[in-house]
Amino acid sequence: FIISDKNLLLNAQRNNYAVPAFNIHNLETTKVVIEAASELNSPVILAATPGTIRFSGIEYLINIMNTAAASTDIPIAFHLDHHEDINDIKKAIKLGCKSVMIDASALSYEENIAKVKEVVNFANRYDVSVEAELGKLVGQEDDITVSERDSQLTNPDLAVDFVKRTNIDSLAIAIGTAHGLYKKEPKLDYNRLKNINKLIKVPLVLHGASGLPDESVQKSIKLGITKVNIATELKIAFSDGVKEYFQNNPEANDPRKYLTPGKDKMKEVVRHKIMLCGSNDKK
Ligand code: 13P
Ligand code: ZN
Ligand code: NA
């Protein structure tokens, strides 16, 4: 069965590695992640954004995930990524989803807390783990001032208050990463990460890992990150594989043929990220 990510992350925290969370979109991308993780004996989180759920359908996805979990002996969590609509979350939980992110980070601090608390209250009745975010994942802009940047990154003292008042299972923090690739290498605020990790006990989540140098991911894990979210690099690898196939076979029309190079390319990235997180042989 698909499980909550709670124990996956607590195990990772105790043993100084991270569990990768891979954003999937459909059957093909799910199977890539499951195959790579099974081969490397890695626990794994498969993540779906609201856009993915609109695209594939929550019922289809839950059934694919349950089939995947029954096909392998690695622990598999299916996680709702960046969900803002509480009704979507409740629906997925009723269908068997055990791991959710409520992203109310765009709201005011008090509104964020209120919304997260509502989800935690509901999730507790179903043994579902809840991730929430404090801070904003921007920081790609060149012309941002130091104080502007500071106000977007997660404030350690507020993080303590936030975790205490919401009772969440994991906290997504902003330390300078962004979704997508980076125009230039981002400067991560490792001191901030260190401070937050010293002050709060719940596992910490790094969003926006695509495009980060391997050393930055490893350093973040050393300083307390226990879940690493990867989306864009997987999409690039998959589409590169498909594009290359069509370049060489412009008349192709069989999805079993033209999707396979996409899967193969994506699988290499998944393998690499599992090794980077150190979650191999941790099932
Ligand atoms: P990237 O697209 O930068 O990998 O970010 C993924 C993410 O944070 C998913 O929640
Ligand atoms: Zn994210
Ligand atoms: Na990124």
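# Exercises on a predicted model

Asp-81 is found in strand S3, residues 76-83. The model used in these exercises is predicted.

**Exercise 1.** Determine whether Asp-81 is buried or exposed, and which residues it is in contact with beyond its sequence neighbours.

Solution. Start with the count: 25 other C-beta atoms lie within 10 Å of Asp-81. The cut-off for a buried residue is 20 or more, so Asp-81 is buried. Next, leave aside the neighbours within four places in sequence; Asp-81 is then in contact with Asn-23, Ala-47, Ala-48, Thr-49 and Met-101. Finally, consult the record: an unreviewed UniProt entry gives Asp-81 the annotation "active site".

**Exercise 2.** The unreviewed UniProt entry annotates Asp-103 and Glu-133 as "binding site". Work out why they can be said to gather at one spot.

Solution. First compare sequence with space.

Then place each residue. Asp-103 belongs to the loop between strand S4 (99-102) and helix H6 (109-124), whereas Glu-133 lies in strand S5, residues 129-134.

Now check burial. Asp-103 has 23 other C-beta atoms within 10 Å and is buried. Glu-133, with 25 C-beta neighbours inside 10 Å, also counts as buried.

Last, list the contacts, not counting residues up to four places away. Asp-103 is in contact with His-82, His-83, Glu-84 and Glu-133. Glu-133 touches Asp-103, Ser-105 and Ala-172.

**Exercise 3.** Find which side of helix H8 (residues 156-166) is buried and what it packs against.

Solution. Begin with the buried residues of H8: Ala-159, Phe-162, Val-163 and Thr-166. They cover an arc of only 95° around the axis, so they sit on the same side of H8. The face turned away from the buried side carries the exposed residues Asp-157 and Lys-164. The buried residues pack against H6, S5, strand S6 (170-173) and helix H9 (190-199). Just after H8, Asn-167 takes a positive phi of about 65°.

**Exercise 4.** Repeat the analysis for helix H10, residues 214-222.

Solution. The buried residues named in H10 are Val-217, Ser-220 and Ile-221. Their arc around the axis is only 100°, which puts them on the same side of H10. The buried residues of H10 pack against H9, strand S7 (204-206), S8 and H13. Just after H10, Gly-224 takes a positive phi of about 125°.

**Exercise 5.** Describe the largest nonpolar core and the surroundings of Val-33.

Solution. The largest nonpolar core has 80 residues, and those with the most contacts inside it are Phe-22, Val-33, Leu-46, Val-100 and Leu-171. Helix H13 (residues 260-277) gives the most to this core, with six residues. Take Val-33 next: apart from neighbours within four places in sequence, it is in contact with Phe-22, Ile-24, Val-44, Leu-46 and Val-270.

**Exercise 6.** State how many residues surround ligand 1, and how they divide by type.

Solution. The shell has 13 residues, the closest being His-207, Ser-210, Asn-229, Ala-231 and Thr-232. The elements giving two or more residues to this shell are S3 and strand S8 (225-230). By type, the shell divides into three nonpolar, nine polar and one charged.

Conventions
Residues are numbered from 1 along each chain as its sequence is written. Chains are lettered from A and ligands numbered from 1 in the order in which they are written. This is a predicted model: local features need pLDDT of at least 70, side-chain atom pairs count only at pLDDT 80 or more; totals for chains, interfaces and linings use all residues. A nonpolar core is a set of buried Ala, Val, Leu, Ile, Met, Phe, Trp, Tyr and Cys residues joined through C-beta atoms within 7 Å. A residue is buried if 20 or more other C-beta atoms lie within 10 Å of its own, exposed if 12 or fewer, and partly exposed in between; C-beta atoms are placed from the backbone. Helices (H or I, at least four residues) and strands (E, at least two) are DSSP runs, numbered from the N terminus. Two residues are in contact if their C-beta atoms, placed from the backbone, lie within 7 Å. UniProt positions are given in the numbering used here, feature names are shortened, and annotations may be inferred rather than shown by experiment. A residue is near a molecule or strand if its C-beta atom, placed from the backbone, lies within 6 Å of it. Ala, Val, Leu, Ile, Met, Phe, Trp, Tyr, Cys and Pro count as nonpolar, Asp, Glu, Lys and Arg as charged, and the others, Gly among them, as polar. The arc is that of the directions from the helix axis to the C-beta atoms.
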